Amino acid sequence: MALQFCDAFWGADFTDQSGYEAIAQRLQDGRHMCKDVEELLKMRAMAEEKYGRELVAIARKAEGQTEIGTLKASFDKMKAEIEKTGNLHIQLSEGIREDVQKIEAFREHQREQTRKLEEIIEKLQKPKMVLHKKTMESKRLYEQRCKEADEAEQASGKKTNVTSSTHRQSEKVLNRARLCRQAANFAEKQYMWNVEQLEKTRQDWESTYRSVCEVFQQQECERINILRCVLWNHCNLLSAQCVRGDECYEEVRKVLEQCDFIADNNCFIEMKKTHCHPPAPLEFQCYSDVDSNEGLRRVEMKRRLSIRLPRVMPSCGSPEADRNLGATFTPAEERGDVAEKYLVLYDFKAKEEDELSISKGEIVMVTEHGEDGWWTAWKDGISGLVPGTYLTKVSPSCKHLTSHSRGKSVKWN
């Protein structure tokens, strides 16, 4: 059940205005509340606009031009959606300012309406108070005149009972009593007339006050309702902003789902590839091998060694094993020169007739270490020159090494 202002805000007596003052204070507090809501929305609008402009500036400042492929597309989409989100926040600030304008217009309308009603109440309140004061004065005068008339009549009654009083004195007392009674009657009529006028004024004031209270209550209902609607709409705007922001970021996530590091790496390789194979290893070049034109030439000693050295298997220290292989030896080898076993570290492909092709992981027998870095090595009964930096020594003696020569398999001891 809804309570009514007109049934709850009356004064204790005719001059008491506490009820009207309570309503007036409520209306003033309501206007302050409208102002507070306005300030809240204004500050929120400023914050949204500032945040939106910062987002737009961030999106436009970010570059990301050095990236390629799907990641670049994802980053560009992120920048676009951030800028879009910033613009949405700017639009949100404009919507909030529209609500602020609605509250301002409503507050001004209510203020003007309240001012007019207060003027009406004041116009009735002032005559009512003046007439009430006049009525109270006429009442006091009426009571005083009645009291004087009663005293004069009592005095005249006493004079008439006294036989010693003269006729002149008796007439004087009776005349005074008659005049007092006339004054009392006049005061009574004046008092009654003031009461009647006051009652008419009271009725007019009461009727007007009831109407004003109803208008004041209607104003409060409208104020509370419009503030409720504005705050509700504000929440709706914020919720819609969150939804639209999430939709923007969902678009970014969809593009990120297409981001593939394999595709980006392939794109980079196709765009920037240089050579498909690593460079050849740097070989040692003897100073004496460089001619005046900075071209390379073979050292005569290397060629003499390739001509002088026999293309046969070297001795492994056992004449019996050598005879089993059917190998032929130079006089130096017959004197007991023993080959050393080396492990091939890198692949080497022969480019000259006197060079020997070797593969990584093979075991070769080295019989001579050239000062120019080219060593004489044996493999499968064939000798040739190989880079010394491609080899590493395995052990001082050739043990458990299997070599293939003329279709036979022999173990070097």
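Mentor: Contact here means heavy atoms within 4.5 Å. This is a predicted model, in which local features need pLDDT of at least 70 and side-chain atom pairs count only at pLDDT 80 or more, while totals for chains, interfaces and linings use all residues. Residues are numbered from 1 along each chain as its sequence is written, and side-chain values use heavy atoms, with hydrogens and water left out.

Start with Leu391. Not counting residues up to four places away in sequence, Leu391 touches Tyr342, Leu343, Val344, Leu345, Ile358, Val364, Val366, Trp375 and Val386. A nonpolar core is a set of buried Ala, Val, Leu, Ile, Met, Phe, Trp, Tyr and Cys residues joined through side-chain atoms within 4.5 Å; buried means under 20% relative accessible area, exposed over 50%, and partly exposed in between, with a 1.4 Å probe and protein chains only. In soluble globular proteins, nonpolar side chains tend to be buried together.

Strand β2 spans residues 363–369 and contains Ile363. Ile363 is partly exposed at 29% relative accessible area. Its C-alpha lies 6.7 Å from that of Lys341, 22 residues apart in sequence.

For contrast, take a polar residue in a helix. Arg223 is in helix α3 (residues 167–257) and counts as buried, at 6% relative accessibility. Its side chain makes a 3.0 Å polar contact with the side chain of Glu220; such a contact is a pair of N or O atoms within 3.5 Å, where within protein one must be able to donate a hydrogen and the other to accept it, and residues adjacent in sequence count only if both atoms are side-chain atoms. Beyond its neighbours within four places in sequence, Arg223 contacts Arg26, Gly30, Met33, Cys34, Phe106 and Gln110.

As for the whole chain, it has 7 helices and 7 strands, in the order α-α-α-α-α-α-α-β-β-β-β-β-β-β. These are DSSP runs numbered from the N terminus: helices are H or I of at least four residues, strands E of at least two. Of the 413 residues, 31% count as buried.
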